[in-house]
Amino acid sequence: MTFLFYLFAALALLGGMGVVVCRNPVSAAFSMILSFLGLAALFIQLDAYLVGTLQILVYAGAIMVLFLFIIMLLDVQAEEKRRFPLATFAGAGAVVTAFVILVVLVLNRGGTAGKVLPALNPSAPGASDTHRIGELLFGTYWLPVQIVGVLLLAATVGVVVLSKKELK
Amino acid sequence: MELTLNHFLLVSGLLFAIGLAGVLVRRNLLIIFMCLELMLAAANLTLVAFSRFHLVEGQPAYDAHVLLFFIITVAAAEVAVGLAIIVALFRTKETTDVTKVNTMKY
């Protein structure tokens with residue numbers, strides 16, 4: 001269990017680094033898929049089966065295919081080398097280091113963060129997570145589901161308008 | 001060693017930091033957009049971890065999973081619109097390099 005956690009966490013983090021480091025956009029996109037697969041494995045380790053599957057289907061499947069499609073459609077070339085941009089790297093390094101230090105400080109503060117993985121109660125009603133999420137989605141959260149539907153419609157219309165040859 | 005909430009939160013924080021570094025350092029608009037998605041996914045891990053460690057009647061707090069469902073949907077819509085904007089930008093400027101997109105109007 002712990003070994004698998006480290007394996008998939010390393011996969012997610014290395015994939016993420018690949019996105020930042022790779023010059024070629026196609027390699028970056030494939031690193032991103034790798035990172036999402038690792039992340040989905042972590043979700044499944046947290047007993048979030050539906051969400052892990054969605055992560056693979058929607059992110060690694062649909063969204064990254066869209067990215068690759070656009071990268072190849074636009075024929076984006078690898079970024080050309082430039083003179084070492086000291087200001088950019090120093091600024092970005094400072095911001096990121098500050099963020100990591102902040103995260104470590106917050107995690108070291110104690111509280112509930114050191115909790116070990118609690119065991120699930122197998123005899124709880126509706127033990128399948130898909131079942132429970134479906135009930136919540138179409139029960140308690142029916143209005144947000146409708147609103148998200150409208151959002152998707154608006155996004156579709158927006159994309160069609162943006163893709164027209166001439167904007168009027 | 002037992003897995004604790006800290007393990008997952010640290011991975012999530014590091015992944016977010018990597019995405020942040022990418023947004024700040026890279027110049028290709030498409031890759032900046034991908035790093036943005038990475039940050040969003042890292043935040044999702046925090047949500048799932050907290051839901052798993054906060055049991056309600058022996059089950060994870062499933063409201064977090066519902067929220068995650070909405071986040072994934074909104075992210076998909078955002079990617080569709082964002083990529084359409086990038087394509088429109090490429091059509092007028094012939095580039096996806098953010099350092100070359102520096103005028104509001106030509």
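Q: Hi! Which residue does Arg52(B) form a salt bridge with, and how far apart are the closest N and O atoms?
A: Arg52(B) forms that bridge with Asp47(A), and the closest N and O atoms are 2.7 Å apart. A salt bridge here is a side-chain nitrogen of Lys or Arg within 4 Å of a carboxyl oxygen of Asp or Glu.

Q: Where do the two residues lie?
A: Arg52(B) lies in helix H2 of chain B and Asp47(A) in the loop between helix H2 (25-45) and helix H3 (49-74) of chain A, so the pair joins two chains. Helices (H or I, at least four residues) and strands (E, at least two) are DSSP runs, numbered from the N terminus.

Q: Before I go on, what sort of model is this?
A: It's a predicted model, where local features need pLDDT of at least 70 and side-chain atom pairs count only at pLDDT 80 or more, while totals for chains, interfaces and linings use all residues. Residues are numbered from 1 along each chain as its sequence is written, chains are lettered from A and ligands numbered from 1 in the order in which they are written, and side-chain values use heavy atoms, with hydrogens and water left out.

Q: How much area do chain B and chain A bury between them?
A: About 7,200 Å², with 77% of it on carbon and sulfur atoms. Buried area is the accessible area (1.4 Å probe) that two parts lose on being put together, summed over both.

Q: Which residues in chain B lose the most area to chain A?
A: Arg27(B), Met34(B) and Arg52(B), which together make up 10% of what that side buries.

Q: And how many residues does each chain give to the contact?
A: Chain B gives 72 residues and chain A gives 84, where contact means heavy atoms within 4.5 Å.

Q: New topic: which residues form an aromatic cluster?
A: Phe5(A), Tyr6(A), Phe8(B) and Phe53(B) form one. The structure holds 7 aromatic pairs over all chains. Rings of Phe, Tyr and Trp (its six-membered ring) pair if their centres lie within 6.5 Å; planes under 30 degrees apart count as stacked, over 60 as edge-to-face and the rest as tilted.

Q: Last one: what does the domain assignment of chain A give?
A: Domain 1 (2-118) and domain 2 (128-168), with bounds from an automatic or database domain assignment. The C-alpha centres of these two domains of chain A lie 25 Å apart.
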